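Here is a friendly briefing on one protein, taken topic by topic. Keep the sequence and the 3D view side by side as you read.

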Amino acid sequence: MSTSRLARCPRACLVIAIVAVIDLVLLYGVTLMYAQGELAFAILVLLLAAAGSWVFISRKGYNYRYVYPSLLGMVTFIVFPLIYTVNVAFTNYGSNNLLSLERVRAIHLAKTWRTGGESFTFKMYQQGADYRLMLISPDAGDAEKVQYVTDPFAETGKPLELKARISVQPPTGAELPLRTIIKKRKTIEQLDIHLPDGTELAMTSLRKFGAIAKIYRPDDHVDHLYPSQDYGLIDNRTGEAIYPDMATGYYSNEDGSEQIAPGFTVYTGWDNFTRVFTDPGIQGPFLKIFSWTVIFSGLSVVFTLIIGLLMSCLVQWEPLKGNGVYRLLLILPYAVPAFISILIFRGLFNQNFGEINLLLELLFDVKPEWFSNELLAKSMVIMVNTWLGYPYMMILCIGLLKSVPEDLYEASAIDGATPVQNLFHITLPMIIKPLIPLLIASFAFNFNNLVLIALLTAGGPDMLHATTPAGATDILVSYTFRIAFGSYGQDYGLASAIATVIFFMVGFIAWANLKATRRLQ
């Protein structure tokens with residue numbers, strides 16, 4: 001017994017050592033994430049590390065050792081993004097409200113303005129790795145000219161505050177030519193120079209420094225009745241006070257008539273969800289896009305099923321010679337990457353130079369506006385998606401048709417049944433039950449078919465009177481994508497609210513899929 005314990009001891013010690021090293025690395029990462037303000041990610045890593053340590057060290061957690069990697073992936077890539085998305089849906093997080101209140105306050109306090117005071121030309125000197133500036137007042141007479149020399153500084157890439165002292169002699173070192181000064185312009189622009197009389201100078205042009213002052217200062221004369229007053233600021237130019245408005249996420253003046261960018265992130269409750277269902281500029285496009293999404297997904301499943309089933313029956317028809325060649329040719333659209341096929345179709349449907357319009361003009365003297373007309377654009381999307389999807393259905397039906405007993409067809413042939421009667425009375429009843437869950441899965445896939453819409457029409461043609469980017473061929477996922485990452489401004493809070501609604505819709509489809517599968521079993 002003692003020998004077995006001694007044999008297990010080195011192995012256990014090695015496992016503990018490895019887990020300890022991994023935990024130390026993860027704790028270091030957690031510290032860095034917390035320092036950067038990424039509290040959610042820090043908590044996630046900390047919880048996963050603690051759970052992993054318990055699983056691989058504790059005897060009680062031994063049974064979870066082989067399940068933990070899959071749970072780790074599920075929590076990291078499914079549960080956490082879902083929780084994070086739902087959390088963002090309750091905020092005003094967007095391109096104009098990206099930062100925290102503390103960070104926005106610091107930005108306002110760092111803002112400066114030119115006071116119109118005296119400006120100075122400058123020369124730059126280098127001695128080793130250190131640099132100095134000599135500031136000269138060019139507007140004063142020779143008797144009144146004053147020269148200032150700054151403290152030495154190095155190229156750090158960060159803002160620097162320097163003091164300047166009156167000096168008759170230039171600093172030691174080599175004077176740098178203009179072309180070298182231009183190369184070091186970014187370093188010079190980050191200098192904040194303080195003269196002996198308290199005047200602050202900053203670079204205002206390529207060869208000059210000018211007097212500047214802070215636009216805002218902290219408001220130290222508040223009664224602190226409200227928490228937001230602790231972040232109040234006073235405008236040094238006008239003496240007006242501004243305070244953070246926790247409803248809009250912006251600093252504003254006392255009467256709320258002016259909002260000062262940048263904004264900060266605040267929790268807005270159910271406002272984003274309310275906007276989806278009550279704002280006319282969002283509600284109307286959302287309901288239209290939702291209806292079109294359901295129609296697009298349903299028609300795509302129906303058309304791909306019909307064509308796939310007919311093609312599978314055709315390639316399995318015994319009198320047809322060269323079945324293997326036809327099967328290979330019909331599966332080719334499934335073998336070509338979808339984005340290549342979509343871009344090719346986009347060129348074929350080009351209204352001015354596309355081959356489809358050239359042929360239609362030659363035969364019928366018409367040039368349909370595929371990308372401008374709403375009905376034609378939707379028809380084009382369904383046609384292209386049917387082309388992309390029918391090979392998948394054909395492959396499924398080929399496999400299911402193999403399971404249909406040949407005796408049934410032989411008996412129907414004796415009774416004089418036609419191929420159409422065989423299709424509706426033998427083939428479909430035999431394959432429809434195992435096919436239903438696959439059809440539901442195909443519906444769910446088309447419900448989120450972002451690649452097709454983004455590459456083919458980009459959601460166009462655009463809807464009128466919509467307050468968010470919305471198009472006639474947009475489906476819910478592309479609509480959400482355009483709101484979150486479109487060129488008209490990013491509203492991540494609203495996009496997350498719509499994504500949450502989509503999640504519940506797709507979740508319902510998945511639940512229906514499971515119910516249908518169990519019922520058919």
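A residue is called buried when its relative accessible area is under 20%, exposed when it is over 50%, and partly exposed in between, using a 1.4 Å probe and protein chains only. K184, for example, is buried because its relative accessible area is 14%. Please remember that this is a predicted model, in which local features need pLDDT of at least 70, side-chain atom pairs count only at pLDDT 80 or more, and totals for chains, interfaces and linings use all residues. Residues are numbered from 1 along each chain as its sequence is written, and side-chain values use heavy atoms, with hydrogens and water left out.

**Overall shape**

- The protein has 17 helices and 13 strands; these are DSSP runs numbered from the N terminus, with helices being H or I over at least four residues and strands being E over at least two.
- Its radius of gyration is 35 Å, whereas a compact globule of 521 residues would have one near 24 Å. This radius is taken over C-alpha atoms, and the globule rule is 2.2 Å times the number of residues to the power 0.38.
- Along the principal axes, the C-alpha atoms fill a box of roughly 120 × 95 × 55 Å.
- Of the 521 residues, 36% count as buried.
- The accessible surface comes to about 30800 Å², and 64% of that belongs to carbon and sulfur atoms. Such areas come from the Shrake-Rupley method with a 1.4 Å probe, and for residues only the protein chains shown count as cover.
- Among contacts between residues at least 6 apart in sequence, 57% join residues at least 24 apart; a contact means heavy atoms within 4.5 Å.

**Nonpolar cores**

- In soluble globular proteins, nonpolar side chains tend to be buried together.
- A nonpolar core is a set of buried Ala, Val, Leu, Ile, Met, Phe, Trp, Tyr and Cys residues joined through side-chain atoms within 4.5 Å.
- The largest core here has 23 residues, and those with the most contacts inside it are F286, I289, L476, Y479, I483, L494 and I498.
- Helices α7 (271–278), α8 (280–315), α14 (419–447), α16 (476–485) and α17 (492–520) each give at least two residues to this core. The largest share, 8 residues, comes from α17.
- Another core of 20 residues lies apart from this one, and F122, Y148, A164 and I193 are among its members.
- Which residues does I289 touch, leaving aside its neighbours within four places in sequence? They are M463, A470, G471, D474, I475, L476 and Y479.

**The enclosed helix α16**

- Helix α16 is largely enclosed by the rest of the structure, because 8 of its 10 residues are buried.
- Those buried residues are L476, V477, S478, Y479, T480, R482, I483 and A484.

**Salt bridges**

- The structure holds 8 salt bridges; each is a side-chain nitrogen of Lys or Arg within 4 Å of a carboxyl oxygen of Asp or Glu.
- E155 pairs with K184, and their closest N and O atoms are 3.1 Å apart. This pair links distant parts of the chain, 29 residues apart: E155 sits in the loop between β3 (147–150) and β4 (160–166), and K184 in the loop between α5 (178–183) and α6 (185–189).
- E155 counts as partly exposed because its relative accessible area is 44%.
- K378 and E374 also form a salt bridge, at 3.1 Å from N to O. Both lie in helix α12 (residues 374–401), 4 residues apart, which is about one turn of the helix.
- K378 is buried at 19% relative accessible area, while E374 is partly exposed at 43%.
- D474 and R482 meet in a salt bridge at 2.6 Å, N to O, and D462 is linked with them in a network of salt bridges.
- D474 is buried with a relative accessible area of 0%, and R482 is buried with 14%.

**Nonpolar residues at the surface**

- V67, L71, M74, F77, I78, V79 and I83 form a nonpolar surface patch with about 650 Å² of accessible area together. Patches are made of residues with over 30% relative accessible area and no salt bridge, with like charges joined within 9 Å and nonpolar side chains (Val, Leu, Ile, Met, Phe, Trp, Tyr) within 5 Å.
- I83 belongs to helix α3 (residues 68–89) and is exposed, with a relative accessible area of 54%.
- L328 lies in helix α9 (residues 323–335) and counts as exposed at 56% relative accessibility.
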